[in-house]
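I have a new structure open today, and I am keeping short notes as I look things up. Follow along with the picture beside you.

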Amino acid sequence: MGEAAKTVIFEIERQNSTDESSYWEKFELPYRANMNVISALMEIRRNPVNIEGKKTTPVNWDMNCLEEVCGACSMVINGKARQSCTALVDQLEQPIRLQPMRTFPVVRDLIVDRSRMFDSLKKVKAWVPIDGTHDLGEGPRMPERKRQWAYELSKCMTCGVCLEACPNVNEKSDFIGAAPLSQVRLMNAHPTGAMNRDERLNAIMGEGGLADCGNSQNCVESCPKGIPLTTSIAALNRDVSIQMFRNFFGSDHMVD
Amino acid sequence: MLPTNVLRGVKFLDNNREFLMRRLHSLLGVIPIGLFLTQHLIVNHFATQGVEAFNQAAHFMANLPFVIFLEIFVIYLPLMYHAFYGLYIAFTAKNNPGHYSYMRNILFVAQRYTGIFLVVFIAWHVFETRFQVAIGAAEADFNMMENILSNPFMFAFYVLGVLSATFHLANGLWSFFVTWGITVSEKAQRYSTYFTLLVFIVLSIIGIRALFAFV
């Protein structure tokens with residue numbers, strides 16, 4: 001192995017709190033085989049000393065599942081938004097630059113507040129209402145092949161990468177982004193969820209909804225779960241085109 | 001009693017004014033503006049058949065019945081709406097082609113830059129031609145364009161204007177198909193890219209050939 005002193009250099013954009021300005025700090029860590037960005041951050045936490053040898057505060061980040069299922073550890077790594085748990089140091093160009101996803105309010109260092117995504121799910125009614133005053137019994141059966149198709153859409157972990165990559169999601173616009181829109185397609189595909197289809201379609205015709213998509217298609221290129229987000233958007237565009245005419249001209253097929 | 005359009009403090013999306021404005025923007029870009037541009041470039045192409053042919057075609061267009069109403073409702077109003085709302089759309093985007101250098105994202109940025117350039121180009125073009133005719137300072141014929149395009153800077157400006165317009169129309173046509181839910185699948189969108197590329201090439205050849213006929 002010869003290279004005993006091999007190291008990895010990290011440049012991290014840090015910020016103490018939401019309202020404070022950010023600053024860059026560099027770290028040099030000993031290289032270990034198969035390390036990922038999270039294990040490197042853990043190393044910095046264990047020994048918070050920057051490249052100048054000065055003791056500093058440990059870098060804060062968010063994480064949970066460590067297997068690209070929860071979406072908590074999303075950050076901007078070398079310019080692109082992705083999960084830090086699956087960002088392997090061996091596959092990254094050095095110095096490795098870590099930044100928070102600034103589409104969201106920064107809580108501290110690399111931690112962002114993704115509440116707006118969960119609010120967006122409420123804004124577009126991305127759930128299946130099943131409550132009644134009495135037992136409503138079983139819902140209609142879902143064809144197995146449709147379930148398999150819908151499963152792909154259900155992989156969304158609200159990680160925020162599609163919003164960070166989207167040029168139309170920014171402080172100048174209300175656009176809710178691809179993730180909640182795709183969830184509308186999922187809920188509309190559900191046999192019980194389809195009973196409130198028109199309500200969701202009317203919601204995404206609202207301000208900050210579907211129409212704000214500019215078709216840059218960064219979302220589908222960036223989605224770590226490979227969700228066909230732009231197909232969802234185009235499919236919803238078709239549904240909404242029809243809904244728009246139904247709303248204006250009237251229809252007996254508002255719900256079916 | 002809580003308002004019914006609120007869930008745990010979050011208001012459902014409503015007010016579809018913006019939705020309708022966006023859809024109108026998309027529609028007007030193709031009908032009538034896209035159709036007008038195609039017609040305009042084809043009529044210009046008469047210049048390749050000589051001075052007489054061009055003047056005859058220009059004379060025919062300028063003397064269509066109700067021409068002022070055709071101009072107002074087919075060109076001026078739709079174009080102004082598309083231009084001004086388009087500027088608003090262009091300036092609400094935060095372009096990021098550097099880190100996300102995917103083809104569609106680059107075309108997204110190009111759509112916005114050509115749009116902004118076209119507002120300037122078309123304003124100048126209308127001022128230099130139609131407006132001069134309206135105030136009686138010039139006549140819309142071969143000579144007028146020959147004079148304008150004899151200046152190499154103006155010629156370059158017009159080449160850029162024509163290419164921007166054909167690109168903006170072709171790429172806009174691609175997103176029109178997505179916006180109205182016509183091309184949903186990835187495959188349909190890919191074939192739509194080939195088709196709109198063809199539209200861009202064909203219209204560009206027609207437009208550029210006409211420009212070269214004046215010099």
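**Entry 1: the sheet in chain A.** I began with the strands of this predicted model. In chain A, five of them make an open sheet with mixed pairing, and I read their order as β2-β1-β5-β3-β4. Which strands stand at the edges? I found β2 (23-30) and β4 (80-83) of chain A there; each has a single partner strand, so one side of each is left without a neighbour in the sheet. From one strand to the next, the twist averages 35°.

**Entry 2: one pair up close.** I picked β3 (residues 74-77) and β5 (residues 96-99) of chain A, which pair in the antiparallel sense over two bridges. Looking across, I saw that A:Ile77 stands opposite A:Leu98 in β5(A).

**Entry 3: a helix on the sheet.** Next I followed helix α1 (residues 37-46) of chain A, which packs on the sheet. This helix touches β1 (7-14), β2, β3 and β5 of chain A, and its direction makes about 95° with that of β2(A).

**Entry 4: the cores.** In soluble globular proteins, nonpolar side chains tend to be buried together. With that in mind I looked up the largest nonpolar core, which has 69 residues. Which residues have the most contacts inside it? They are A:Cys162, A:Ile204 and A:Leu210. I listed the contacts of A:Ile204, leaving aside neighbours within four places in sequence: among them are A:Val124, A:Leu181, A:Leu210 and A:Val240, and also B:Leu13 from the other chain. A second, separate core has 20 residues, including B:Leu41, B:Phe54, B:Tyr158 and B:Leu169.

**Entry 5: where the chains meet.** I found 33 residues of chain A in contact with 32 residues of chain B. Which element of chain A gives the most to the side that touches chain B? It is α8(A), with six residues. The elements giving two or more residues also include α2 (115-123), α6 (197-204) and α7 (218-222) of chain A. By class, this side of chain A has nine nonpolar, 15 polar and nine charged residues.

**Entry 6: chain B as a whole.** I counted seven helices and two strands in chain B, and along the sequence they run β-β-α-α-α-α-α-α-α. Its C-alpha atoms fill a box of roughly 75 × 35 × 30 Å along the principal axes. Of the 215 residues of chain B, 27% count as buried.

**Entry 7: confidence.** Last, I checked the scores: chain B averages a pLDDT of 95, with 98% of the residues at 70 or above. The model scores ipTM 0.92 and pTM 0.93.

Methods: Residues numbered from 1 in each chain as written. Chains lettered and ligands numbered in written order. Predicted model: local features only at pLDDT ≥ 70, side-chain atom pairs only at ≥ 80, totals over all residues. Contact = placed C-beta atoms within 7 Å. Helix = DSSP H or I, 4+ residues; strand = E, 2+ residues; numbered from the N terminus. Nonpolar A, V, L, I, M, F, W, Y, C, P; charged D, E, K, R; others polar. pLDDT = per-residue confidence, 0-100. Pairing = 2+ DSSP bridges. Axes fitted to C-alpha atoms, helices over the stretch in contact; angles between N-to-C directions. Core = buried A, V, L, I, M, F, W, Y, C linked by C-beta atoms within 7 Å. Buried ≥ 20, exposed ≤ 12 C-beta atoms within 10 Å, placed from the backbone.
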